[in-house]
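Have a look at the sequence and the model first.

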Amino acid sequence: MTVAYTLGDQTFATKKAVLAHASEVLNRISLGEVLHGQVERFALDLLTHHPEAEQKHGAGIAGVAVVLMPEWGTRNFFVFRVDASIDNWSVKKCVANMRPDTARRHP
């Protein structure tokens with residue numbers, strides 16, 4: 001059986017490949033830019049794997065952007081919720097919590 005991880009419309013063979021793609025996206029997208037299309041689908045699917053995905057979704061997601069987290073000096077995905085609240089999330093926590101497509105849990 002081949003292991004695969006599907007996020008958006010992209011399939012990755014390993015968790016390492018997912019991390020590499022997330023890093024590429026975070027560094028390619030301009031700071032403050034709201035994600036659209038394939039990149040947004042990737043980020044939102046990645047978020048479903050976060051151990052606190054329900055809390056991160058909150059009242060519902062209005063958009064996702066790339067921001068610089070001053071306290072860490074790193075780029076992160078940032079969620080804008082429909083209730084005007086905001087939050088960031090750890091890509092590493094999402095990837096660590098991922099299961100192959102055949103064993104995928106849905107929140």
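Predicted model: local features only at pLDDT ≥ 70, side-chain atom pairs only at ≥ 80, totals over all residues.

## Surface and charge

Residues are numbered from 1 along each chain as its sequence is written, and side-chain values use heavy atoms, with hydrogens and water left out.

As for charge, there are 12 positive and 11 negative ones, and their mean positions sit 7 Å apart. Lys and Arg count as positive, Asp and Glu as negative, with His and the chain ends not counted; each charge is placed at NZ of Lys, CZ of Arg, CG of Asp or CD of Glu.

## Overall fold

The protein has four helices and five strands, in the order β-β-α-α-α-β-β-β-α from the N terminus. These are DSSP runs numbered from the N terminus: helices are H or I with at least four residues, strands E with at least two. The radius of gyration is 13 Å, close to the 13 Å that the globule rule gives for 107 residues, so the protein is as compact as a globular protein of that length. (That's taken over C-alpha atoms, and the rule is 2.2 Å times the number of residues to the power 0.38.)

Along the principal axes, the C-alpha atoms fill a box of roughly 45 × 30 × 25 Å. Of the contacts between residues at least 6 apart in sequence, 54% join residues at least 24 apart, a contact being heavy atoms within 4.5 Å.

## The core

The largest nonpolar core has 23 residues, and V18, L35, L46, F77 and W89 have the most contacts inside it. Such a core is a set of buried Ala, Val, Leu, Ile, Met, Phe, Trp, Tyr and Cys residues joined through side-chain atoms within 4.5 Å. Its largest share, five residues, comes from α2.

Beyond its neighbours within four places in sequence, W89 is in contact with residues including A43, L46, F77 and C94.

## Y5 in β1

Y5 lies in strand β1 and, at 9% relative accessibility, counts as buried. Setting aside residues up to four places away in sequence, Y5 touches V18, M98 and P100, among others.

Terms used: Buried < 20%, exposed > 50% of the residue type's maximum accessible area, 1.4 Å probe, protein only.
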